[in-house]
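The stops below tell you what to select next and what to look for.

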Amino acid sequence: GLSASAALARRPAATGAQLRSALPLPEPYRTPLPIPPVLRPAGDGRYTIAQRETVMEILPGVHTPMWTYEGTFPGPTIESRRGRPITVTHRNELPVPTVVHLHGGRTPAASDGYPTDLILPEGGHHAGMHMGNDPRAVVSHVTRDYTFPLEQRPTLLWYHDHRMDFTGPAIWRGLAGLHIVRDDAEENLGLPSGPRELPLVLADRAFAADGSLAYPALDPTLQERPGVRPAYLAGVQGDVILVNGAPWPVHEVDAARYRLRVLNASNSRHYELEARTDDGRRLDLVQVGADQGLLAAPVVHGSLPIAPAERYDIVVDFSAVPAGARVRLRNLLGEGRTTDVMAFRVARRAPDDSRVPPVLCTDLPTWRRGDAVRVRDLAFRAGRMGGEHGWLIGGRPFDPARADVTTALGDVEVWRLVADVHHPVHLHLVGFRVLSRRGRAPLAHDAGLKDTVSLRPGEAVEIITRFEGYRGRYLFHCHNAEHEDMGMMANLEIT
Ligand code: C2O
Ligand code: CU
């Protein structure tokens, strides 16, 4: 029942390469929380992003070379409106090929960032580069236009690198940014907004003695060869928790409601978040939205698990916290310094006309089991790929040339997902609902429309979705970025 699930949720994810920084770590709650800059359009519905190497100061006084979108980490936030298409031109000034995927986007296949649809770097072809065996991949660009119709619910999306075999190191080095879709209906709800709406991008990292980011792989720039598998298995985790790119930051708030739009952009770390005052009082986390947008009604959590790539839209009310007091956002799954995430310092009393309405959204899809034309069983498990250890779906590692799941546009399907260890499973293009966990009702945090679901060790989860939007070749995969790079990805053909 719930208590067994709760115990499982508290068990840390299978530990990966647990990296310790070689540098002294800063005191927590000293660095102010940065807010990623909002990207200005270059014209009507047109944006450009340069991908480039940038030396950043993540730890105070330490220089860290990173791969960035527009020189920042996280990259600049794109703010868009539902139903208003945009085009984002990415220019690759990095030394390696890249691919951009808008996670959670309802995107035509040509702009979805298939892992072999590369933006080649300046200087063209890299000898021996892994192109997959898809003829579509033989395209050489230094820039590429991605077009997003944005016919989708308002929510927090994120864009990140998705190159075949190298997504983990590319995200680790900094290739991730936010994209917020808005619409009038959501804005009219009266949820906290303006400076009281905060994006929070969680990401753990480790730092080598020279200030560079530690990653237990050869430098990917020296590793452009298929079959070279880095020395990690369960996923990479660092000992420094960054929020919006700052280590254990602090943010000054009014004694009022805040809307926290949380993304777990970590490669493989799971968090369970809890907000507590220094004198031990726990604040409710009032969830108003899931990966794919608003819930039907708010769900109140004492603590909230968040798997890699999941987003939770939560409202926290600081009005009962005395001015001068501190509220810490903690990670119940952490150990040592990774139990700390960030802090809020309540600076002053202030008027608050925001609200959390009892009804948030009335048009969530209501697919029922009986609507499904097909039920599929998909096992996410370790196995052999070639002579090496890999991560497999249905016993097979990713192959761009093979259609794993073929479905027809408009079909409703139930997928029964089973896992050996912790796997956050993500489907491109569609939102889904969680039907059951371990044969029982879904948990409180499974509410709403999702695009990523956390399968905990040994767990079976059923999801239901309708494949709508566009035809073409999409993906589903584990969003433990190292699992994904080691084969745990499959093709989803919509015909
Ligand atoms: Cu976050 Cu396949 O992506
Ligand atoms: Cu996995």
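**Stop 1: a strand pair**

Select strands β18 and β19 (residues 293-301): the two run antiparallel and are joined by five bridges. Strands here are DSSP E runs of at least two residues, helices are H or I runs of at least four, and both are numbered from the N terminus. Two strands count as paired if DSSP finds at least two bridges between them. A hairpin of two residues links β18 to β19. Zoom in on A290, whose bridge partner in β19 is G293.

Before going on, note what you are looking at. This is a predicted model: local features need pLDDT of at least 70, side-chain atom pairs count only at pLDDT 80 or more, and totals for chains, interfaces and linings use all residues. Residues are numbered from 1 along each chain as its sequence is written, while chains are lettered from A and ligands numbered from 1 in the order in which they are written.

G289 has D313 of β21 as its bridge partner. Is β18 enclosed or open? Five of the six residues of β18 (residues 285-290) are buried, so the strand is largely enclosed by the rest of the structure. Buried means 20 or more other C-beta atoms within 10 Å of the residue's own, with C-beta atoms placed from the backbone; exposed means 12 or fewer, and partly exposed lies in between.

**Stop 2: the whole chain**

Zoom out. The chain holds four helices and 33 strands. Of its 495 residues, 48% are buried. Two residues are in contact if their C-beta atoms, placed from the backbone, lie within 7 Å. Among contacts with a separation of 6 or more, 78% are between residues 24 or more positions apart.

**Stop 3: a four-strand sheet**

Select the open sheet with the order β3-β2-β5-β7; its pairing is mixed. β3 (64-69) and β7 (143-148) stand at the edges with a single partner strand each, so one side of each has no neighbour in the sheet. The twist averages 20 degrees from one strand to the next. Angles run from 0 to 180 degrees between N-to-C directions, with axes fitted as lines to C-alpha atoms, for helices over the stretch in contact. Q51 has Y69 of β3 as its bridge partner.

**Stop 4: the nonpolar cores**

Select L202, V243, I314 and F318. In the largest nonpolar core, of 89 residues, these touch the most other members. Such a core is a set of buried Ala, Val, Leu, Ile, Met, Phe, Trp, Tyr and Cys residues joined through C-beta atoms within 7 Å. Strand β23 (residues 340-349) supplies the largest share of this core, five residues. Another core lies apart from it, with 33 residues, including F398, F467, C478 and M488.

Which residues does F318 contact, leaving aside its neighbours within four places in sequence? They are V253, A255, A256, Y258, V327, F344 and V346.

**Stop 5: a five-strand sheet**

Select the open sheet β26-β33-β32-β28-β30, again named in order, with mixed pairing. Its edge strands, β26 (405-407) and β30 (452-455), each pair on one side only. Inside, β28 (residues 423-427) and β32 (residues 472-478) pair in the antiparallel sense over three bridges. Finish on H426, which stands opposite H477 in β32.
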